[in-house]
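Please read this briefing alongside the model shown below.

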Amino acid sequence: SMAEKQERIKKAKKFFGTDLLIPGHHYQREEVIQFADVTGDSLQLAQLCGQESAPFIVFCGVHFMAETADMLTTANQRVMLPDLQAGCSMADMATMAQTNRAWDALTAQFSDTILPLTYVNSSADIKAFCGRHGGACVTSSNAAKMIEWAFSQKERLLFLPDQHLGRNTAAALGIPLAQMAVWNPLTHELEMAEDVSWQEIKVILWKGHCSVHEKFTVEQIATIREKEPETKIIVHPECTYEVVQAADDAGSTHYIIEQLKRAAPGTSWAVGTEMNLVNRLAMIHQDKHVYSLNKTMCACLTMNRIDLEHLAWTLDLLQEGVYQYEIKVEEKVAVDARLALERMLAHV
Ligand code: 13P
Ligand code: SF4
């Protein structure tokens with residue numbers, strides 16, 4: 001039963017005390033978040049793991065976040081992910097083989113004028129690739145800062161794996177859409193406007209996306225504008241450029257949470273991000289009207305794989321000394337990936 005699982009979790013938390021840390025990403029289920037010692041967006045959780053000394057970290061989030069936690073903690077701290085299938089479909093859209101092939105083609109064209117940046121929603125391998133080539137990681141909270149930093153290093157950048165975060169952020173910095181090209185990892189081709197020469201290209205966007213945030217549309221925004229013109233629309237920058245342009249505001253998970261905290265009672269908000277966070281915001285702000293921009297709700301299936309059952313099971317095993325789904329990045333990958341993560345953390 002649910003109560004029984006909750007008891008098992010409480011018992012384990014008591015047993016380990018400060019030796020156990022449970023970080024929870026904002027997109028986690030309520031049943032899991034209630035047991036998180038700390039909640040945050042991906043940047044906050046990465047920063048936190050770098051400062052923590054707990055020997056056991058049971059990471060309630062997705063695989064790339066647990067990898068990041070492992071790389072930013074010491075060798076004797078163990079990071080567990082309660083379900084190994086909690087991946088990220090966006091991170092899976094950039095493989096190392098595809099990236100090597102892209103890099104060969106792009107450096108043949110642009111020689112050494114490109115710096116690679118990767119959204120933290122990527123495998124440790126991709127982070128290591130960026131680290132090796134002088135590049136860095138970014139999150140949705142610091143993407144603008146990191147793109148500005150990249151331009152202080154090189155003339156142009158390759159942004160992996162989310163084309164939308166890359167396009168939205170570069171556009172907000174004043175880079176014209178025409179100066180952005182898209183690298184298609186399936187056809188191995190650079191897609192760009194016909195009347196633009198390659199010398200003018202400033203940003204090369206990897207053709208990846210988040211299948212959760214791509215479900216928000218300009219039609220949904222138009223419907224709300226028509227029926228409830230007083231409603232403010234706020235979305236995550238993983239939404240498409242058109243959606244971000246049509247919305248009133250856009251920002252990371254953390255930014256959305258802060259904006260809703262500041263909002264006046266009685267105001268109405270349509271939010272374009274993951275379902276669990278939207279539901280939680282609606283619950284917290286009962287003096288405001290908060291709802292999903294998509295009436296049918298957008299859930300991240302992999303985030304939702306972490307549930308009460310998996311958390312209780314992981315903690316049971318941990319008490320028996322079994323490190324179920326320990327996430328360990330190979331040191332030869334971690335060394336370079338840390339360079340990319342540290343360059344990011346130095347700029348926030
Ligand atoms: P942030 O936590 O950086 O806002 O990212 C959202 C996300 O998609 C995490 O997977
Ligand atoms: Fe990945 Fe999108 Fe899920 Fe975030 S919400 S973990 S980017 S699939």
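Why does C88 count as buried? C88 has 24 C-beta neighbours inside 10 Å and therefore counts as buried, where buried stands for 20 or more other C-beta atoms within 10 Å of the residue's own, exposed for 12 or fewer and partly exposed for anything in between, with C-beta atoms placed from the backbone. This is a predicted model, in which local features need pLDDT of at least 70 and side-chain atom pairs count only at pLDDT 80 or more, while totals for chains, interfaces and linings use all residues. Residues are numbered from 1 along each chain as its sequence is written, and chains are lettered from A and ligands numbered from 1 in the order in which they are written.

**Annotated cysteines**

- An unreviewed UniProt entry lists C88, C210 and C300 under "binding site", given in the numbering used here with a shortened feature name, and such annotations may be inferred rather than shown by experiment.
- These positions are spread over 213 residues of sequence but cluster in space, the largest C-alpha distance being 9.2 Å.
- C88 lies in the loop between β5 (78-80) and α5 (96-110), helices (H or I, at least four residues) and strands (E, at least two) being DSSP runs numbered from the N terminus.
- Leaving aside residues up to four places away in sequence, C88 touches V62, H63, F64, N121 and T302, contact being C-beta atoms, placed from the backbone, within 7 Å.
- C210, in the loop between β11 (203-206) and α9 (218-227), counts as buried because it has 25 C-beta neighbours inside 10 Å.
- With residues up to four places away in sequence not counted, C210 touches M90, D162 and E238.

**Ligand surroundings**

- The residues around ligand 1 include C88, N121, C210 and E238, the criterion being a C-beta atom, placed from the backbone, within 6 Å.
- By class, this shell has three nonpolar, seven polar and two charged residues, with Ala, Val, Leu, Ile, Met, Phe, Trp, Tyr, Cys and Pro taken as nonpolar, Asp, Glu, Lys and Arg as charged, and the others, Gly among them, as polar.

**Strand pairing**

- Strand β9 (residues 180-184) runs parallel to β11, joined by four bridges, and V182 stands opposite L205 in β11; two strands pair if DSSP finds at least two bridges between them.
- Strand β10 (residues 189-191) pairs with β9 in the antiparallel sense over three bridges, and the bridge partner of N184 in β10 is E189.
- β9 and β10 form a hairpin with four residues between them, and H188 in the turn has a positive phi of about 60°.

Notes. Two residues are in contact if their C-beta atoms, placed from the backbone, lie within 7 Å.
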